[in-house]
Amino acid sequence: MRWRGAALLALTGIAGLVLAIHGWSARSAAKVPGTIAGATRPAGASHAPATAPAAHGSASRPIGPTASPSATPSAGQPASRPSAAPSVGPALASQSYAQYAFQVWPGTPNAAGKAALIGLSVSVRRTANGISVTASVVGQQVTPHVYTCGTKVWVIEASLGDDSGNTDYNLGDDGLIVTNAAGRILQ
Amino acid sequence: MSPPMSPPMSTVRSPAIQAAERIASEWAPTIGRISLGLVLAWFGYHELVQPSLWTGYVPVLASSSAAAAVLVLIHGWVLLVLAVALVAGVTPRLAAAAAALLLLQIVITLTITGGLSDLTMRDVGVLGLALYLTGRNTHRLRI
């Protein structure tokens, strides 16, 4: 019954179009927060690059391979400063991506956290103003961000299956979140 | 007088083994076809509903660009149609051949960007299954 197969494929094509429209309309909402692949950084995190625009909270955070070279600090000259008034966002546990969040600081990440860190370089140190977090793709140098009141650092990794060895093939589902003592996201 | 010739041990099979071989011969291509279809369906569905999580795989283009999202949606749509064709057995050889082409592109891209890795070799295995199904014309459970 050739026509039955054709009809089934036609129906599938229509269903696929409906899903594609849904995916297109929801693509911004589904984006991983604080993505490391060159999307937006948390709004309150400070950034002190050589160029001016990134000083604002909503500026982009070019860390990944799509980063704009103009926002990358020169090697060996990282600088950071705390944000003037960091805002506190919703609780991480209330977010849809909470299931993909792996705590990487303080303490030693567990096995899943280590897997989520594959391909990424995250370093955290305490400062007088809070914590200074440097997150980037392995091999890249970026400017640390200072989060006042930050107590925990999380890596978001929606799919661990895209990591291999020391390579993360898909940075689009990776992100970084810093929370305060109450578990709320610092923005 | 010499004793009667007995068949070599390698050709002696019990009825149970013969039945298992017949069942495997008849059903293994079908199971492989449906399995490949389920793999494509899973990836196709997720690419369609959450394209932003997959744009990082698009070569050349920035993962945050709209063009990358469009390409992921098109890729997901093709995967979904191929998946249904494979699972339902609608032109399975053609669908398997198209899947093989898509997988070949994926393997080449992953190899260029990250070298040979466990991820790449896993896709090589799926590519082999698609190529195998391209050469099989006998399938059960076809509509």
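**Why the helices are described as they are**

Guide: Start in helix H3 of chain B, where B:Pro92, B:Ala95, B:Ala96, B:Ala98, B:Ala99, B:Ala100, B:Leu103 and B:Leu110 are buried. The model is a predicted one.

Visitor: What do the buried residues of H3(B) pack against?

Guide: They pack against three helices of chain B: H1 (15–49), H2 (66–88) and H4 (118–134).

Visitor: How do you know that the span of H3(B) agrees with its number of residues?

Guide: H3(B) covers residues 92–114, which is 23 residues. The expected span is 1.5 Å times one less than the number of residues.

Visitor: What comes just after H3(B)?

Guide: B:Gly115, with a positive phi of about 75 degrees. H2(B) is followed by a glycine too: B:Gly89 has a positive phi, near 75 degrees.

Visitor: How do you know that the span of H2(B) agrees as well?

Guide: H2(B) has 23 residues, and at 1.5 Å a residue they should span 33 Å. Its end C-alpha atoms are 33 Å apart, so the span agrees.

Visitor: Why is H2(B) called largely enclosed?

Guide: Begin with the cut-off: a buried residue has 20 or more other C-beta atoms within 10 Å of its own. In H2(B), 17 of the 23 residues are buried, so the rest of the structure largely encloses this helix.

Visitor: Now the pairs. What makes H1(B) and H2(B) roughly antiparallel?

Guide: Their angle is about 155 degrees, and their axes lie 7 Å apart. Angles over 145 degrees count as roughly antiparallel. H1(B) is therefore roughly antiparallel to H2(B). The crossing of this pair is left-handed.

Visitor: Which residues make that contact?

Guide: From H1(B), the list includes B:Ile34, B:Leu38, B:Ala41 and B:Phe43. From H2(B), it includes B:Val72, B:Trp77, B:Leu80 and B:Ala83. By class, the contact of H1(B) with H2(B) has 17 nonpolar, four polar and two charged residues.

Visitor: Where do H2(B) and H3(B) meet?

Guide: B:Leu82, B:Ala85 and B:Leu86 of H2(B) meet B:Pro92, B:Ala95, B:Ala96, B:Ala98 and B:Ala99 of H3(B). This contact of H2(B) with H3(B) has eight nonpolar residues, no polar and no charged ones.

Visitor: What makes H1(B) and H4(B) oblique?

Guide: They pack at about 130 degrees, with their axes 10 Å apart. Again the roughly perpendicular range stops at 115 and roughly antiparallel needs over 145. H1(B) and H4(B) are therefore oblique to each other. This crossing is left-handed. B:Pro29, B:Gly32, B:Arg33, B:Leu36 and B:Val39 of H1(B) make the contact with B:Val126, B:Leu129, B:Ala130, B:Tyr132 and B:Leu133 of H4(B).

Visitor: How do the residues of the contact of H1(B) with H4(B) divide?

Guide: Into eight nonpolar, one polar and one charged. Gly counts as polar and Arg as charged.

Visitor: How many helices and strands does chain B have?

Guide: Four helices and zero strands. Along the sequence the pattern is α-α-α-α. Of its 143 residues, 33% count as buried.

Visitor: And what is in chain A?

Guide: Two helices and ten strands. Its pattern reads α-β-β-α-β-β-β-β-β-β-β-β. Of its 187 residues, 44% count as buried.

Visitor: Why is A:Ala116 called buried?

Guide: A:Ala116 sits in helix H2 (residues 111–116) of chain A. The cut-off is 20 or more other C-beta atoms within 10 Å. A:Ala116 has 27, so the residue is buried.

Visitor: How far apart are A:Ala116 and A:Ile156?

Guide: In sequence, 40 residues; in space, 7.4 Å from C-alpha to C-alpha.

How values were computed
Residues are numbered from 1 along each chain as its sequence is written. Chains are lettered from A and ligands numbered from 1 in the order in which they are written. This is a predicted model: local features need pLDDT of at least 70, side-chain atom pairs count only at pLDDT 80 or more; totals for chains, interfaces and linings use all residues. A residue is buried if 20 or more other C-beta atoms lie within 10 Å of its own, exposed if 12 or fewer, and partly exposed in between; C-beta atoms are placed from the backbone. Two residues are in contact if their C-beta atoms, placed from the backbone, lie within 7 Å. Axes are lines fitted to C-alpha atoms, for helices over the stretch in contact, and angles run from 0 to 180 degrees between N-to-C directions. Angles under 35 degrees count as roughly parallel, over 145 as roughly antiparallel, 65 to 115 as roughly perpendicular and the rest as oblique. A crossing is left-handed if the near helix is turned anticlockwise from the far one by less than a right angle, and right-handed if clockwise.
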